[in-house]
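Keep the viewer open as you read.

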Amino acid sequence: MEQLFQQLINGISLGSIYALIALGYTMVYGIINLINFAHGDIYMVGAYVGFAATTFFHLGFIPALVISMVVCSILGVIIEKVAYKPIRNSTRIAALITAISVSLFLEYGMMYFVKPDTRTFPNVLAENRITFFNGQVIMDMKNLYIILITVILMLILQYFVHKTKTGKAMRAVSLDSVAAELMGVNVNKTISYTFAIGSALAGAAGVLVGIYYNSINPLMGIVPGLKAFIAAVIGGIGIIPGAVYGGFFLGMTETLVSAYGGSIFKDAVAFTILILILLIKPNGLMGKNVQEKV
Amino acid sequence: MKLFSKRNIIGFLIIMLSYISVQLLINNGTIDSYLMLNIVIIGINIILAVSLNLITGFTGQFSLGHAAFMSIGAYVSAIVTVKFGFPFVIGIIFSALAAALAGVLIGIPTLRLKGDYLAIATLGFGEIVRILALNIDYIGGATGFNDIPQFTNWAWIFFLTVGTVLLITNFIKSYHGRACIAISEDEIAAEATGVNTTYYKVLAFAIGAAFAGIAGSLYANYFYFIKPDSFGFMKSIDILVIVVFGGLGSIGGSIVGAVALSIISLFLQNIPELRMVVYSLILFIIMVYRPQGLLGKHEFKLFKKGGKINVSAESK
């Protein structure tokens, strides 16, 4: 029983990180129908910015988080303007390969600058722990911070998407970009905002994961990127609450599977869930069934 | 069309001549083992690209799991030739059959999906195959499968590559191939005109997978050693890049793409740190300025179509 609770706490922490990355995937997919493969690498850049801020500039945790979010959102907008805007009207497969090329560029460009070695992320949080059940279940400060920051960021996002004018424009463009443009929404600007917000969330996830696992390397974005993408698909891609739900679902399932014997098949589980979800409910657990018109 | 038409005989002579001339160059040592290695890589890449082109280019089914079929072929061939000691031919046949079976298995359930969703599902399938291979001790697990006999030589590479290209070209020109092309143009319209879309999509997957399996067996029996991580997500992307680079829906394009990208990556080996950066930039530039690929949908024609029958058909 204690082990179950412990694993749930770990699962929620991991799930928060997946959810934060998945949000960016889902928002970008919702608005321009592009699987942004470079998103996992923006998260990696976020982790490195956080590392630089805490190690070289000796900043605290919150300033590092904010700096990393700002840098990542600028990077996201640059990627959108330079790479994705020229191919917005080309075929799906050309768009996908462009996204992959951006991803490779970020990974190996970063590797060239920071060298491929794994770096140790400094411990910036106080080593406090909360224990339950006579010390059997431990909740680290890290877990608490990750969950807390994820929840705060999601609340801000929810407020932004549903209560502000830009948020309304984002929802309009993702519903029908041509109609939105006719109604006077600046589509280009809205897409840039979407990339900025999604990338900022990925940057935050990068710093959080640096704190959680204490190690970062230039290729760290690939696997969590794919997993977060799976999370977005599980929840229903394009649906913001779906990404959060899918992220937590995947995080919990993964930790539970690796806790109860199947750690070598941990990654396979995520992909099996993905295929099952796609077969049973291709629009995701929270997706609506859209009829195709001929 | 007659089997012994002028066209077929000349084509056959050209194929045999190119085979014999390269074989002579190998025999007198002009082509050393390093050059041979690159020829083998190019041949394997051509088989992979042409077979993926059948699935993605001609049938329009977006697959990101082609390396998984290759890995199934490689492992089956390794098991057959090492553990059972059968000759290479049996290994190739079994690897093609096993990969085709996997193609059917992945094809049937995932064909309800379209576009991006299918791409993700095949990606997931590829990763599952890789993780399973990592955890099966019988085939070496993460350390890989060692001591595979080297059977692949110029004859195998050449005739299997030429055979793949010819078979797939002829398949596309056949009734069944046109059904596949119809599916990629407009699936609903194809279904409305009586094309059994599920059957042809599974067929395309099975044929494409079988040839990928053959490429895998050539790979395994050339490099002595295979490991699951050689057939990961990036390998699938590499194959897709060759196909898109050459032109989706063009067999000639796939061949040109395989040769060009193999040569590009050969040159990029001189700058190992920046290799992938330059590679990604090349990809990006091609996708932005020539998204339809080098050849688009055009094909090379060895013989201009002439004769009265074709002329009258065109004038109608």
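Start with H2(B) and H11(B), whose crossing is right-handed; a crossing gets that label if the near helix is turned clockwise from the far one by less than a right angle, and is left-handed if anticlockwise. Before going further, note that this is a predicted model: local features need pLDDT of at least 70, side-chain atom pairs count only at pLDDT 80 or more, and totals for chains, interfaces and linings use all residues. Residues are numbered from 1 along each chain as its sequence is written, while chains are lettered from A and ligands numbered from 1 in the order in which they are written.

Two packed helices are described by the angle between their axes and the distance between the axes. Here H2 (residues 33-58) and H11 (residues 251-268) of chain B have axes that come within 8 Å and cross at roughly 140°. Axes are lines fitted to C-alpha atoms, for helices over the stretch in contact, with angles from 0 to 180 degrees between N-to-C directions. H2(B) and H11(B) are therefore oblique to each other, as angles under 35 degrees count as roughly parallel, over 145 as roughly antiparallel, 65 to 115 as roughly perpendicular and the rest as oblique. Helices themselves are DSSP runs (H or I, at least four residues), numbered from the N terminus.

Who does the touching? On H2(B), the contact residues include Asn38(B), Ile42(B) and Ala49(B), and on H11(B) they include Ser254(B), Ala258(B) and Leu266(B). Contact requires C-beta atoms, placed from the backbone, to lie within 7 Å. The residues of this contact divide into 10 nonpolar, six polar and no charged. Nonpolar covers Ala, Val, Leu, Ile, Met, Phe, Trp, Tyr, Cys and Pro; Asp, Glu, Lys and Arg are charged; the others, Gly among them, are polar.

Now for the two chains together: 33 residues of chain B are in contact with 31 residues of chain A. H5(B) gives the most to chain B's side, with 12 residues. That side divides into 25 nonpolar, four polar and four charged residues.

Over in chain A, H5(A) has Tyr145(A), Ile149(A) and Leu153(A) among its buried residues; buried means 20 or more other C-beta atoms within 10 Å of a residue's own. The buried residues of H5(A) pack against H1 (2-32) and H8 (187-213) of chain A.

Finish at Leu106(A), found in H4 (residues 92-114) of chain A. Leu106(A) is buried, with 23 other C-beta atoms within 10 Å. Leaving out residues up to four places away in sequence, Leu106(A) touches Ala38(A), Asp41(A) and Val45(A).

Methods:
Helix = DSSP H or I, 4+ residues; strand = E, 2+ residues; numbered from the N terminus. Buried ≥ 20, exposed ≤ 12 C-beta atoms within 10 Å, placed from the backbone.
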